[in-house]
Amino acid sequence: QQQQQQQQHPLRKRHLYFGPEQLFAVECGESPNPRKPEAFVAIGQLASAAFGPLAPFFTWGEEPCASWLARASNYYSGPWDRMTKQTVLVVGATYDPATPFENSVGMAKLLANARLLTVEGYGHCTLFNPSTCVNDYLAKYLITGDLPPEGSVCQQDAPPFSSAISPSSLFS
């Protein structure tokens, strides 16, 4: 019966894990976060003074990095305007509450060899705000290196919070 339950659960079937360690492995391993947790008190105060009352939330989100032992041995910290062998594909949503679309446009301009794929839609990432158009372009880019045509704009498959897409449907 236990084996049958494991087979029925879509997350177990695909062996997916969405714990915070994946994010921290990149954020903490490849960023210059303070090594002393108490430093985040002052950083939170500075962020709050500069950006308002929600800023400390984002500051304290990085606090686990103070005790994160692993550091990337060879992470890239710039310069960002150097020509790359492969064109970098930047994907940006027009109504992203965490990463404004202007930042996606700016990143595509800053990088010496980049292409912007615009998602006309809402939300922070296309994984949980799916677009078949984006997924098709991303798959092609990752498998063959082919880019979407310059100026490409994709639509989301459904508006946010619609019943057409449920979180469980993403894993089935």
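Reader: Happy to start with the overall layout. How many helices and strands does the protein have?

Author: The predicted model has seven helices and three strands. Along the sequence, the pattern reads α-α-α-α-α-β-α-β-α-β.

Reader: And what do burial and surface look like across the protein as a whole?

Author: Of the 172 residues, 26% are buried. The accessible surface is about 12200 Å², and carbon and sulfur atoms account for 59% of that area. For contacts between residues at least 6 apart in sequence, 69% join residues at least 24 apart.

Reader: Let's turn to the sheet. In what order do the strands come, and is the pairing parallel or antiparallel?

Author: The general idea comes first: strands in a sheet pair through backbone hydrogen bonds, in either a parallel or an antiparallel way. In this protein, the three strands form an open sheet with the order S1-S2-S3 and parallel pairing. S1 and S3 are the edge strands, each pairing on one side only. From one strand to the next, the twist averages 25 degrees.

Reader: Now the cysteines. How many disulfides are there, and what is the pairing?

Author: In general, a disulfide is a covalent bond between the sulfur atoms of two cysteines. Here the count is two. With the bonded cysteines numbered in sequence order, the pairing is 1-2, 3-4.

Reader: Why is the disulfide of Cys-133 and Cys-154 called left-handed?

Author: Look at the torsion about its S-S bond: the value is about -55 degrees, so this disulfide is left-handed. The sulfur atoms of Cys-133 and Cys-154 are 2.0 Å apart. Because Cys-133 lies in helix H7 (residues 132-144) and Cys-154 in strand S3 (residues 153-155), the pair ties together parts 21 residues apart in sequence. Cys-133 counts as partly exposed at 27% relative accessibility, whereas Cys-154, at 1%, counts as buried.

Reader: Last topic: how many aromatic pairs are there, and which geometry do Phe-57 and Phe-58 show?

Author: There are four aromatic pairs. The ring planes of Phe-57 and Phe-58 meet at 85 degrees, over the 60 that edge-to-face requires, so this pair is edge-to-face, with ring centres 5.0 Å apart. Phe-57 is exposed at 61% relative accessible area, and Phe-58 is exposed at 58%.

Reader: And why do Tyr-95 and Tyr-122 count as stacked?

Author: Their planes are at 20 degrees, with ring centres 4.9 Å apart, so the pair is stacked. Tyr-95 lies in strand S1 and Tyr-122 in strand S2, so the pair ties together parts 27 residues apart in sequence. Tyr-95 is partly exposed at 44%, and Tyr-122 is partly exposed at 43%.

Methods:
Residues are numbered from 1 along each chain as its sequence is written. This is a predicted model: local features need pLDDT of at least 70, side-chain atom pairs count only at pLDDT 80 or more; totals for chains, interfaces and linings use all residues. Side-chain values use heavy atoms; hydrogens and water are left out. A disulfide is a pair of cysteine sulfur atoms within 2.5 Å. Helices (H or I, at least four residues) and strands (E, at least two) are DSSP runs, numbered from the N terminus. Buried means under 20% relative accessible area, exposed over 50%, partly exposed in between (1.4 Å probe, protein chains only). Two strands pair if DSSP finds at least two bridges between them. Axes are lines fitted to C-alpha atoms, for helices over the stretch in contact, and angles run from 0 to 180 degrees between N-to-C directions. Contact means heavy atoms within 4.5 Å. Accessible areas come from the Shrake-Rupley method with a 1.4 Å probe; for residues, only the protein chains shown count as cover. Rings of Phe, Tyr and Trp (its six-membered ring) pair if their centres lie within 6.5 Å; planes under 30 degrees apart count as stacked, over 60 as edge-to-face and the rest as tilted.
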